[in-house]
Amino acid sequence: MMGEMHVPARSRARKTTAKTADTVATVVLWALALVCLAVLGSIIGYILVKGLAVVFDPKFILGKPQAINAGGGILPFLLSSIYLTLLTMVIIMPIGVGAAIYMAEFAGESRITRLVRFGADSLATVPSIVFGLFGLALFVVAFGMGPCLMAGALTLALLNLPAVMRTSEEALRAVPASYREASLGLGASRWQTIRKVVLPSAVPGITTGGILTIGRILGESAALVFTMPLFATKAPTSLFSGGAAIAPNLWYTLTEAITPDAQRIAQGEAAALVILILALNLVARFLAHRYQARQGMVG
Amino acid sequence: MELRRGFHEQVDELNAELLRMGSVVVETIERTRQAFVRFDKDLCRQIVEDDDIVDDYRKRVEETGFELIARQAPVAVDLRKLIVIMRLAQHLERMADLCVNVCKSMESLDEQRISDWIRESINDMGVKAVQLAEQAITCYRTADLAMADDLEDQDDAIDRVNRRFFREFKSTGEEDIETAIRIVMISRFFERIGDNAVDVGEHVRFMLTGSGTL
Amino acid sequence: MQTDVEGKSVAARPLATPEPQHGRYMISIRDLDLFYGDFKALEDINVDVEHNRITAFIGPSGCGKSSVLRSINRLNDLVKGARVEGQVFLDGEDIYGHGYDVVELRKRVGMVFQRPNPFPKSIYDNVAYGPRIFGVRDRAELDQVVEESLVRAALWDEVKGKLKQSAIALSGGQQQRLCIARVLAVEPEGILLDEPCAALDPIATQRIEDLLQELKKTYTIVIVTHNMQQAARLSDYTAFFMIENQGDPGRIVEFGPTNTIFTTPEDERTERYITGRFG
């Protein structure tokens, strides 16, 4: 007979078992992925279903907050959050990336760098409320800033610095050694190599870290409870003026506010926050992508 | 886009070297014919001396071929060509050696004892040998398979003259035995030149088709 | 009796001559030992690299060929714990001597690596990288350098219409020629190549080899290769490296004209290696 290969029965059985195991594993993994997606989807879905109607009310999104009466808006909160995010990023990125460059390119492996890295990793796990208390003691009280935009931004900077530094460091380390060798081999100095080859190549990784940080800043409330006002009717007009960010205000609205429509406002704020984070994410990604395309980083 | 340009240039150079060697050898055969016909012993000595030139050619061609095979790992037509070039250098050198043999055999010959028909017959063989050698080189140079195959037929003419000497010497007995032996040898040398030319043709056939005798 | 590449016979070159001959040789390595920490990776390396010739380093993996190459433009300096003893002369000057300008050295002796490593930048920016490092800002001048370098690297015709495109989009062989162009753009005298064809297919490999044959008219070339046939085809001189026993430093077993190495090697170990009887 042609084409019939003689396969021993036992081997055939083993083959079948392996095939079954393969199918089972695939199904299980698919199911797990679906569970994750479902949880995520239902949370976002719930927030949007409850909040979208509120968000699309111009009086809400562009209105002035009300302390006592119903019908307050959230525009100052939105603006505060955006200012806060920008200010924090302006403080954090140069320091974080600078420290990362030192760690990745100059420090080498020593007891001290290991200590720094361990410290940074530990700090990243400290609860944010502790940073809030620290910010209260240092910026608000000791520096006499009072609860304000700058005090909040500095506190958030401290909170996120370790993560920014570590993700940037990893991004820099992920740049192939061959790029450095090529550059140095051409006679470039170390600093030229970092500035012209290593750093540009690490930009996508650093950006990803930055986007995550933006999300954390926008969503942070505990660290801001003591360092910024929880409620304000106006957006900050200077670095040291007050202003309330959305996330802490959301917490405030649900727990402390006495406006009759607190529930509705909270739902609207939640949806607005999600949308804002999504929007900033998209903008950051778009800019990163355009940068990569301009640099010729992608084929 | 041609790859391995450097290697192909080297093969071309080697080819040119072999062709130069070929024309030297053809000239040597022609000079040998003249030396016999004119019974010019000075020319004979010159031919013997000049053989070093041909030997050097062979050495150069073979060394270069050897080196190219070792370093360039030639394949297919490149390989066949290199091997055949080295073989041809050998055959050409042997043809020149046969001319030297003719010249050396003439040394102890007495011109008086060489009759006209001998002189004419050897001259015919010489002319034919030159023609065969030329054809052998031409068929290689122009990659002409028909011309290569034709060499064997052409060679018959020389063989016929060579056989005639045996018959003639047996029947006449006019010449003394030593002269007869020497003439037979010289005739035989020319005949061998023709055989070498035929061998060249066979190698050319192999180079062109990849079949036949290498 | 050995002969050099022109067929002129020269006296067999001793592996260690006390005084390097200047003029004929661009690079002379003298009694070089290389350490990585406590590990002695190379011992007693002596090589003379002739101007406008291709010198190949062959030998089994891990025998230190690349380390020698990298010590010629001091890329080993970047490896922590790497230490060099002995001398490497570039046109008579010891590059490990006190106060030697490493940047100048690397400009004079460029390096091409095993895996094509173009920067994640445009083709143009890759080639212009070196000149820009050395302060060339003029657009017209940069344009000219880029074009000339790409032409010399036999890549111009393939990329002239898309200089602004990413170098990452090129094929492996094109990327490697781009890396060569990038080195040529800083106008070096010597080019070091560390297994430049290891990641390439045979056709791309052949194109690189043809290119190197062309480039040696202008540049002095040292190439490390795993591919013995490549050394045989390409080089004028060959150094055969070997490690006697596990843990020993790499040494040069035989160094001489490639003809000799591949037709009648003097050392039995060379013969066994190139004929595939070990290694």
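Me: Which chains have the most contacts between them among the two pairs that touch?

Reply: In this predicted model, chains A and C have the most contacts of the two touching pairs.

Me: How do you know that chain A and chain B do not touch?

Reply: A contact needs heavy atoms within 4.5 Å. The nearest C-alpha atoms of chain A and chain B are 26 Å apart, and the two chains do not touch.

Me: What makes up the contact of chain B and chain C, counted in residues from each?

Reply: Chain B gives 11 residues to the contact and chain C gives 14 residues.

Me: How is the size of an interface often given?

Reply: Often as the accessible area that is lost when the parts come together. For chain B and chain C, about 1100 Å² is buried between them, with 54% of that on carbon and sulfur atoms.

Me: Which helix of chain B supplies the largest share of the side that touches chain C?

Reply: Helix H2 (residues 41-72) of chain B does, with five residues. By kind, the side of chain B that touches chain C divides into five nonpolar residues, one polar and five charged.

Me: How many salt bridges are there between chain B and chain C?

Reply: The count is zero. A salt bridge would need a side-chain nitrogen of Lys or Arg within 4 Å of a carboxyl oxygen of Asp or Glu. Polar contacts are another matter: seven residue pairs are found across the interface of chain B and chain C, both residues at pLDDT 80 or more.

Me: Why is B:Ser187 called buried?

Reply: The cut-off for buried is under 20% relative accessible area. B:Ser187 has 0% relative accessibility, so B:Ser187 counts as buried. This residue is in helix H6 (residues 177-209) of chain B. Apart from neighbours within four places in sequence, B:Ser187 contacts B:Ile122, B:Met125, B:Asn162 and B:Phe165.

Me: How does the reach of helix H4 (residues 116-141) of chain B compare with what is expected at 1.5 Å a residue?

Reply: Helix H4 of chain B has 26 residues and reaches 37 Å from its first C-alpha to its last, close to the expected 38 Å.

Key: Residues are numbered from 1 along each chain as its sequence is written. Chains are lettered from A and ligands numbered from 1 in the order in which they are written. This is a predicted model: local features need pLDDT of at least 70, side-chain atom pairs count only at pLDDT 80 or more; totals for chains, interfaces and linings use all residues. Side-chain values use heavy atoms; hydrogens and water are left out. Helices (H or I, at least four residues) and strands (E, at least two) are DSSP runs, numbered from the N terminus. Buried means under 20% relative accessible area, exposed over 50%, partly exposed in between (1.4 Å probe, protein chains only). Buried area is the accessible area (1.4 Å probe) that two parts lose on being put together, summed over both. A polar contact is a pair of N or O atoms within 3.5 Å; within protein, one must be able to donate a hydrogen and the other to accept it, and residues adjacent in sequence count only if both atoms are side-chain atoms. Ala, Val, Leu, Ile, Met, Phe, Trp, Tyr, Cys and Pro count as nonpolar, Asp, Glu, Lys and Arg as charged, and the others, Gly among them, as polar. The expected span of a helix is 1.5 Å times one less than its number of residues.
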